[in-house]
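Could you walk me through this protein, starting with the overall layout and then going into the details? I'd like to follow it with the model open beside me.

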Amino acid sequence: MSSSIFFCRCVFQINVILFTRISLSFLQAHCHLFVLDTFNQAVQNAVCEDATKRILQTLVQFYALDGIVENKGEFLKSGYLSIHQVDLVSKQLINLLAVIRPNAVSLVDAFDIHDDKLGSVLGRYDGNVYENLYKWAKSAPLNEKDVPDAYRLYIKPFLEENKKRVQARL
């Protein structure tokens, strides 16, 4: 095979890889926009209490801003947003968490997903969060022993060696 044919194949393969990556980015952006638009329309058309609509609108804003933060490199690279604007978006995303947090348990409960499926002891139907968190922590594999093997194998010898070094200096 001549070097020019080999070079052409390499260039073709690189172009295919780049096209695939660019296409995937466009596809992801299109899907995000579609979900965002559908979500926003559903919230706008929802017949519910004003307080419920406000928190749902906050979730729409959160989803939109999260998409920007997750893809900030693309927004910066294209020049669509400046670093300052991306920082503002990130700060607003954090601010929205404070608005969403008081309603988080109710929002999760609205999907009627059982605690076992969530795999979490937080946000429980029965309200016994702390008691169940303690039980969960006690039953975790890491807590089966009073002192984990890693302490005896790695941390304790390290601490003893350093203690000897310090004592030798004194």
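Predicted model: local features only at pLDDT ≥ 70, side-chain atom pairs only at ≥ 80, totals over all residues.

The protein chain has 8 helices and 0 strands, so if you trace the elements from the N terminus on, the order simply reads α-α-α-α-α-α-α-α. Of the 170 residues in the protein chain, 12% are buried. The accessible surface comes to about 14,100 Å², and carbon and sulfur atoms account for 62% of that. As for how the chain meets itself, take the contacts with a separation of 6 or more: 37% of them join residues 24 or more positions apart.

Now find helix α2, which covers residues 50-70. Several residues of α2 are buried, namely Ile 55, Thr 58, Val 60, Leu 65, Gly 67 and Val 69. With a relative accessible area of 10%, Thr 58 falls under the 20% cut-off, and that is why it counts as buried. Which residues does Thr 58 touch, once its neighbours within four places in sequence are left aside? They are Leu 96, Val 99 and Ile 100.

Leu 96 turns up again in the largest nonpolar core, a set of 5 residues made up of Leu 65, Val 69, Val 89, Leu 93 and Leu 96. Helices α2 and α4 (83-100) each supply at least two residues of this core, with α4 giving the largest share, 3 residues. Setting aside neighbours within four places in sequence, Val 89 is in contact with Leu 65, Ile 68 and Val 69.

Time to look at charged side chains. The structure holds 2 salt bridges. One pairs Lys 77 with Glu 74, at 3.8 Å from N to O. Both of these residues sit in helix α3 (residues 72-78), 3 residues apart, which is about one turn of the helix. Are the two partners buried or exposed? Lys 77 is exposed, because its relative accessible area of 66% is over the 50% cut-off, while Glu 74, at 41%, is partly exposed.

The other salt bridge joins Arg 165 and Glu 161, at 2.5 Å from N to O. This pair belongs to helix α8, and the two residues are 4 apart, again about one turn of the helix. Arg 165 has a relative accessibility of 47% and so counts as partly exposed. Glu 161 is partly exposed as well, with a relative accessible area of 41%.

Stay with α8 for the last stop. This helix runs over residues 149-169 and includes Tyr 151.

Terms used
Residues numbered from 1 in each chain as written. Heavy atoms only, no water. Expected span 1.5 Å × (residues − 1). Buried < 20%, exposed > 50% of the residue type's maximum accessible area, 1.4 Å probe, protein only. Core = buried A, V, L, I, M, F, W, Y, C linked by side-chain atoms within 4.5 Å. Contact = heavy atoms within 4.5 Å. Salt bridge = Lys/Arg side-chain N within 4 Å of Asp/Glu carboxyl O. Areas by Shrake-Rupley, 256 points an atom, 1.4 Å probe, with all protein chains shown as cover.
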